[in-house]
Amino acid sequence: MVSRLTTLGFDADDTLWQNEAFFRLTQARFAELLADHAEAGQLHARLLEAERRNLGHYGYGIKGFMLSMIETAIEVTEGRVPASVIGEILSAGQEMLSHPIELLPHAGDVVERLASSHRLVLITKGDLLDQERKLAQSGLGEMFHAVEIVSDKTPATYERAFARHGDGPDRAMMVGNSMKSDVRPALEAGAFGVFVPHGLTWELEHADAPEGHDRFHELPDLGALPGLIAEIEG
């Protein structure tokens, strides 16, 4: 037990609003465009490898995804990809960058409720402009004490964020759908880590659940979060 949690960190994509579903739809469109050159499963594997390889160059988000699709298209066509296909890839990415926000169940109510009792910090990876756009459209922006859009999520990321915007990791909690980015590094930093699964999770965000960690919790959805916080605070 802790006397009181003062700071709550929230992931954004696929924790507060839909995100991966739009990537999957674009990947399906990508597969159709290149159906004459590669089978869908093979194309997906090549694209995933390009994304993994390019994270250090482009970071996370839609723009890096677009560039990885273009790179993959060039590879599988041996440099013969038509300009029209490149144009379709760019168009698909631009559609993603302007897609309306779809809040996940309980997100709005829970964030509003907890904002009255705790400092809320949005801690998210991705493209700066796109994440700012999504937060503004979500209607949740004013409820957050601070926003951290970061290049990666490591224990040091959470140590800095919770020290800057709260009372340190010991009295903080991170909530998200990625075991790899939201839960495990937050636990390593000394915070609580709460895993809220999403039906669709990018392969590069998968990781094993921590074994026997007393600060790790898993919830079926965000609606259960206020009850968990009340239980932790006793």
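Which residues touch the most other members in the largest nonpolar core? Hold that thought for a moment. This is a predicted model, where local features need pLDDT of at least 70, side-chain atom pairs count only at pLDDT 80 or more, and totals for chains, interfaces and linings use all residues. Residues are numbered from 1 along each chain as its sequence is written, and side-chain values use heavy atoms, with hydrogens and water left out.

Now the core. It has 27 residues, and F10, L16, F144, M173 and L225 touch the most other members. Two or more residues come from each of β1 (7-10), α5 (107-115), β2 (119-125), β4 (172-176), β5 (192-195) and α9 (225-233). A nonpolar core here is a set of buried Ala, Val, Leu, Ile, Met, Phe, Trp, Tyr and Cys residues joined through side-chain atoms within 4.5 Å. Buried means under 20% relative accessible area, with a 1.4 Å probe and protein chains only. Helices are DSSP runs of H or I, at least four residues, and strands are runs of E, at least two, numbered from the N terminus.

Take F10. Beyond its neighbours within four places in sequence, F10 contacts L16, L114, L120, V121, L122, I123, F144, M174, V175, L222 and L225. Contact means heavy atoms within 4.5 Å. There is also a second, separate core of 19 residues, with A31, M66, I70 and I89 among them.

Next, two single residues. E20 sits in helix α1, residues 20-33. Is E20 buried or exposed? Its relative accessibility is 4%, so E20 counts as buried. Setting aside residues up to four places away in sequence, E20 touches D14, L200, T201 and W202.

F195 belongs to strand β5. At 13% relative accessibility, F195 is buried too. With residues up to four places away not counted, F195 touches G176, N177, S178, M179, V183, F216, H217, E218 and L219.

Last, a helix pair. Helix α7 (residues 155-165) packs on helix α8 (residues 179-189) at about 70 degrees, with the axes 7 Å apart. Axes are lines fitted to C-alpha atoms over the stretch in contact, and angles run from 0 to 180 degrees between N-to-C directions. The two helices are therefore roughly perpendicular, a term that covers 65 to 115 degrees. Who meets whom? From α7, P155, Y158 and E159 meet S181, D182, P185, A186, E188 and A189 of α8. By class, that contact has five nonpolar, one polar and three charged residues. Ala, Val, Leu, Ile, Met, Phe, Trp, Tyr, Cys and Pro count as nonpolar, Asp, Glu, Lys and Arg as charged, and the others as polar.

Conventions. Parallel < 35°, antiparallel > 145°, perpendicular 65-115°, else oblique. Buried < 20%, exposed > 50% of the residue type's maximum accessible area, 1.4 Å probe, protein only.
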